[in-house]
Amino acid sequence: MLKYDKLILALILASAIGLGGFFLIRGGGSAAGAELTAVVQSPEGELRLDAAELYAAGEERTWRLKGSAGPVLVAFSPERGFAIIESGCPDQICVRSGFIDQAGQSAVCVPNQVLIRLEAGQSGGLGEEGLDGVLR
């Protein structure tokens, strides 16, 4: 092994450790510790769920809603997040879309008019939605 090969290997290893530490400190994308609100909208009305409390309880939960095209079953799993797991719609796209667990994500069943949207908690007085981005 040449002198420069060892240097390149050391740089790659240091970069990998640094990136790993960065993502570990940032939270790694998991919503388990985040202040999230799951907003479930359906023809029946709006249901607001405190996701932080649900994650803390660590139990799976389900909610049965009446959609425009039939019943819809919304589920929560502490390992995976929120999803539409059963629907009366013909194509089942909403069921196949899977689980969501980060602020800004949504799951939608269009025929049933059901929407699950994850929102972050209040962030520095910037309003209910927070700050999406800044353009200069």
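So, asparagine 112: buried, with a relative accessible area of 0%. By buried I mean under 20% relative accessible area, with exposed over 50% and partly exposed in between, using a 1.4 Å probe and protein chains only. Before I go on, this is a predicted model, where local features need pLDDT of at least 70, side-chain atom pairs count only at pLDDT 80 or more, and totals for chains, interfaces and linings use all residues. Residues are numbered from 1 along each chain as its sequence is written, and side-chain values use heavy atoms, leaving out hydrogens and water.

Back to asparagine 112, which sits in the loop between strand S6 (106-109) and strand S7 (114-120). Helices (H or I, at least four residues) and strands (E, at least two) are DSSP runs, numbered from the N terminus. Setting aside neighbours within four places in sequence, the contacts of asparagine 112 include Pro43, Gly67, Val72 and Cys89; contact is heavy atoms within 4.5 Å.

Okay, rings. There are 2 aromatic pairs in the structure. Tyrosine 55 and phenylalanine 76 pair edge-to-face, at 5.1 Å centre to centre with 85° between the planes. Tyrosine 55 is in helix H2 (residues 51-57) and phenylalanine 76 in strand S4 (residues 71-77), 21 residues apart. Phenylalanine 76 also pairs with phenylalanine 82: the centres are 4.9 Å apart and the planes are at 50°, so that pair is tilted. The cut-offs: rings of Phe, Tyr and Trp (its six-membered ring) pair if their centres lie within 6.5 Å, and planes under 30 degrees apart are stacked, over 60 edge-to-face, the rest tilted.

Ring pairs join Tyr55, Phe76 and Phe82 into a cluster. Tyrosine 55 is buried at 11%, phenylalanine 76 at 1%, and phenylalanine 82 is buried too.
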